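Good morning, and thank you for making time for this presentation. I shall speak about strand pairing and then about salt bridges.

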Amino acid sequence: MKTIYHPADSRGFADHGWLKAKHSFSFAEYYDPGRMHFGKLRVLNDDIVAPGKGFGTHPHNNMEIITIPLRGQLEHKDSMGNGSVITPGEVQVMSAGSGIMHSEFNPSNSEEVNLFQIWIFPETQDVDPRYDQREFDPGKYENNILRLVNNETNGDTIFIHQKAAVSLSRLQAGVELTYENNYDGNGTYVMLVNGKVSVGEQTLTHRDALGIWDTDSFAFKAAEDSQLLFIEVPMN
């Protein structure tokens, strides 16, 4: 098993006033040649958007874009005619494919929105753009690993055009689980949303991350009540 440790304070940071963003990988004005991506995972942004502010209409193409709100609300509009508000417990997926325009806005006049946005390179270029949004029962990832997004069309997860998987887990202190790869040869980028967890000899605290590859599975144990995000991707 190989690993790479990214402590929370090693992330890039941008403060635009209305937007405070932490970048796990090079993004916009943050550039680190050693932090360009993890396999097919290109972006993991930890964004806080001020009330009444947001991202104006802008284009994307050939990227699988996954948004997970942690608190607050995010309003989405796109060139396919979709318009909705996503809240904690929901996950949004946009396959940009051959090209799409969209905007993201905090509709609240008093509460910030904090979200993770994940970009994964697709395995097929120029597919027809598509949008999906789904609510997941938080009880299903209590002391469990719940798959939210993957390459399957069974209806239990949201489909993306890549043999990748995004999962959440919420653990009580003392609980140990094992993550098993969805797809052979993949690696997994583990972000500790909150709490304290050990993965092998490595201890993770709030927003620390660990990239893991060259293994089919790995165990992790919570030292206190914790929440984890798993992003499993092809490594080449």
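Let me begin with a definition: two strands are said to pair if DSSP finds at least two bridges between them. Please keep in mind that what you see is a predicted model.

With that term in place, consider strand β17, which covers residues 187-199. How many bridges join β17 to strand β20? There are ten, and the two strands run antiparallel, β20 being formed by residues 217-233.

V199 stands opposite Q202 of β18. The strands β17 and β18 form a hairpin with two residues between them, and in that hairpin G200 adopts a positive phi near 60°.

Is β17 enclosed or open, then? A residue is counted as buried when its relative accessible area is under 20%. Ten of the 13 residues of β17 are buried, so the strand is largely enclosed by the rest of the structure.

I turn now to the salt bridges. The whole structure contains nine of them.

Two involve D132. The side chain of R130 meets that of D132 at 3.9 Å, N to O, and the side chain of R134 meets that of D132 at 3.3 Å, N to O. Which of these residues is buried? D132 is buried, because its relative accessible area is 17%. R130, at 24% relative accessibility, counts as partly exposed, and R134 is likewise partly exposed, with a relative accessible area of 24%.

A further salt bridge links R170 and E142, whose side chains meet at 3.0 Å, N to O. R170 belongs to strand β15, residues 165-171, whereas E142 sits in the loop between β12 and β13; the pair therefore ties together parts that are 28 residues apart in sequence. R170 is partly exposed at 27% relative accessibility, and E142 is partly exposed with a relative accessible area of 35%.

To close, I would return to β17, which is paired with β20 through ten bridges and has ten of its 13 residues buried. Thank you for your attention.

Technical notes
Residues numbered from 1 in each chain as written. Predicted model: local features only at pLDDT ≥ 70, side-chain atom pairs only at ≥ 80, totals over all residues. Heavy atoms only, no water. Buried < 20%, exposed > 50% of the residue type's maximum accessible area, 1.4 Å probe, protein only. Helix = DSSP H or I, 4+ residues; strand = E, 2+ residues; numbered from the N terminus. Salt bridge = Lys/Arg side-chain N within 4 Å of Asp/Glu carboxyl O.
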